[in-house]
Amino acid sequence: MPLYEYLCAGCGGGFELLVRGTEEPACPECGDNRLEKQFSVPAAHVQGKSSLPMAELPQGCGRPGCGPGGCAM
């Protein structure tokens, strides 16, 4: 049962909704069914960390020119 993020064309509200099978989702605020599915970032629980692992930037090896977006090696 996937959890989707939607944007409502009727009221402009954004929300998440658990969709089961062939259910037709509707906005919980106004009831409109003209919804646009939004892209969302997958999340995973990482024990002992408070942030998402994919949101962290790599630190590199410490050499000049090495870091986020490039590596000197």
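Is D32 buried or exposed? In this predicted model, D32 is buried, with a relative accessible area of 16%; buried means under 20% relative accessible area, exposed over 50%, and partly exposed in between (1.4 Å probe, protein chains only). The model is a predicted one, in which local features need pLDDT of at least 70 and side-chain atom pairs count only at pLDDT 80 or more, while totals for chains, interfaces and linings use all residues. Residues are numbered from 1 along each chain as its sequence is written, and side-chain values use heavy atoms, with hydrogens and water left out.

The protein chain contains 0 helices and 3 strands, where helices (H or I, at least four residues) and strands (E, at least two) are DSSP runs, numbered from the N terminus. Read from the N terminus on, the order of elements is β-β-β. Of the 73 residues in the protein chain, 15% are buried. Among contacts in the protein chain with a separation of 6 or more, 23% link residues 24 or more positions apart, a contact being heavy atoms within 4.5 Å.

The strands come next. An open sheet is formed by 3 strands in the order β2-β1-β3, and the pairing is antiparallel; two strands pair if DSSP finds at least two bridges between them. At the edges are β2 (14–18) and β3 (35–37), each of which pairs on one side only. From one strand to the next, the twist averages 40 degrees, with axes taken as lines fitted to C-alpha atoms (for helices over the stretch in contact) and angles running from 0 to 180 degrees between N-to-C directions.

Strand β1 (residues 3–8) is joined to β2 by 5 bridges, and the two run antiparallel. Going through individual partners in β2, L3 is bridged to L18, Y4 to L17 and Y6 to F15. The hairpin of β1 and β2 has 5 residues between the strands, and in this hairpin G12 takes a positive phi near 80 degrees. On the β3 side, β1 and β3 pair in the antiparallel sense over 3 bridges. Y6 takes part here too, with K37 as its bridge partner in β3.

The loop between β2 and β3 holds several residues worth a look. One of them is V19, which is buried, with a relative accessible area of 10%. The C-alpha atoms of V19 and Y4 are 7.2 Å apart, although 15 residues separate the two along the chain. D32 is also found in the loop between β2 and β3. Leaving aside neighbours within four places in sequence, D32 is in contact with C8, G10, A26 and C27.

Side chains of opposite charge can pair when their charged atoms come close. A search of the whole structure finds 1 salt bridge, defined as a side-chain nitrogen of Lys or Arg within 4 Å of a carboxyl oxygen of Asp or Glu. The side chains that meet in a salt bridge are those of D32 and R34, at 2.8 Å from N to O.

The cysteines complete the picture. A disulfide is a covalent bond between the sulfur atoms of two cysteines. With the cut-off set as a pair of cysteine sulfur atoms within 2.5 Å, the count comes to 0 disulfides. For C8, the closest cysteine sulfur is that of C30, 3.6 Å away, so the two are too far for a bond. C30 is likewise in no disulfide, the nearest cysteine sulfur being that of C8. As for accessibility, C8 is buried, with a relative accessible area of 3%, whereas C30 counts as partly exposed at 42% relative accessibility.
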